[in-house]
Amino acid sequence: MSTFEADSATDSHGAHGHDHDHPKFLAHHFETPEQQYDSGKLGTWVFLVTEVLFFSGMFCAYAIFRMLRPEVFEGCSQFLNTKLGAINTGVLLFSSLTMAWAVRCAQTEEYRKLTAMLASTLSCAMIFLGVKAIEYSHKWEMGLLPAGMFSYDPAHPHHADSPNYLVWICLPFALALVGVVVWLISAALQGNKFQVACLKPLTVVAFSFFIGVGLGTFLESGDSGETHATTHHESGEHALELASTSSLLGREDRGATEFGVIERLAGDATNSGLKNELEALEAQAEIASGSAILNDSADSDATIQKAPRDFLTPSRAGVFFSIYYCMTGIHAIHILAGIGVLVWLLVRSVRQDFNRQYFGPVDYVGLYWHLVDLIWIYLFPLLYLIR
């Protein structure tokens, strides 16, 4: 349906008992398109406020547990791959751009661009989920699970008998891709142009999930957060062992031993936990050698009491991963809900339902999508960058 046709299309007023004609896109209980748009936008903002309140509860839980166990959050955060989180942040920011562009295209009745922008937003969402699938499957295989199911063993980080979680996560997306391709071929053979126009971008969208999986696999194999955390944890354990013997060694001798390795690792600004351990070891060595006097005051730094305790216990690390899966999982569910609504918009875009007077649905979904992106902007530093 063309723009002119959309504007001129009228609904039979007799069916609703009205005494006036109105465009087909105008609901019968509204007088003007502006009234309909304002009402829809008010409802959208009320819905978004409830979403903010919903996520606020989880952020409060995060703040309370982090205040109680800061060393656990700092230590467990090192199991999260910062590169994967950063890539997903960039992908979602770009999707916000394409979504805002889609709203503008709906206002100017540029239907091809509108369809392309909606498909781009959908593709970014699928890439995000693909990267997240790699992240989740790796942690599940290592036993980095919520409290009650946490089974991570630093000596054997990868469970040989664990199922291939990535295959199970990818299975529904693979079935969706096959279904869309088969439907596209069938529609093309039948000459159904409308279905072909809808299914072409949706095929790209479905395939984008596996682009995200490939991207996540590449980044995960290069420099994984788990590897870094394992190295950190092992280094921390080794550092504590060295603490018992460091008093017997001179400062010059330690520079050539594994203590020097810890010093070099602590030189990395991101290894704040290891840096604290190193300071504690140095203070302990000074006390043992008699070159320093132990300060028992509560505000003293660099004493052994300040050294980070072991955080990889189910009761401690499990709480962190409970919060991690709860917050990121519910955010992923919101991404899936957004994908469903965006597909509905894409089909209506191909049908050219929107025009200068009726672009509210695209605008409302755009607001929702920006909120979902904004929540991730907070989740990324709170979970991935706290170390």
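Colleague: Is E135 buried or exposed in this predicted model?

Modeller: Buried means under 20% relative accessible area, exposed over 50%, and partly exposed in between, with a 1.4 Å probe and protein chains only; E135, at 0% relative accessibility, counts as buried, and K132, at 3%, counts as buried too. This is a predicted model in which local features need pLDDT of at least 70 and side-chain atom pairs count only at pLDDT 80 or more, while totals for chains, interfaces and linings use all residues. Residues are numbered from 1 along each chain as its sequence is written, and side-chain values use heavy atoms, with hydrogens and water left out.

Colleague: With which residue does K132 form a salt bridge?

Modeller: A salt bridge is a side-chain nitrogen of Lys or Arg within 4 Å of a carboxyl oxygen of Asp or Glu; K132 pairs in this way with E135, the closest N and O atoms being 3.2 Å apart. The structure holds 7 salt bridges, including one between the side chains of R348 and D353 at 2.9 Å, N to O, where R348 and D353 are both buried.

Colleague: How should I read pLDDT over residues 234-256?

Modeller: pLDDT is the predictor's confidence in each residue, from 0 to 100, and where it is low, the predicted coordinates should not be read in detail. The protein averages a pLDDT of 80, with 70% of the residues scoring at least 70, but over residues 234-256 the pLDDT is below 50, as it is over residues 290-307.

How values were computed. Contact means heavy atoms within 4.5 Å.
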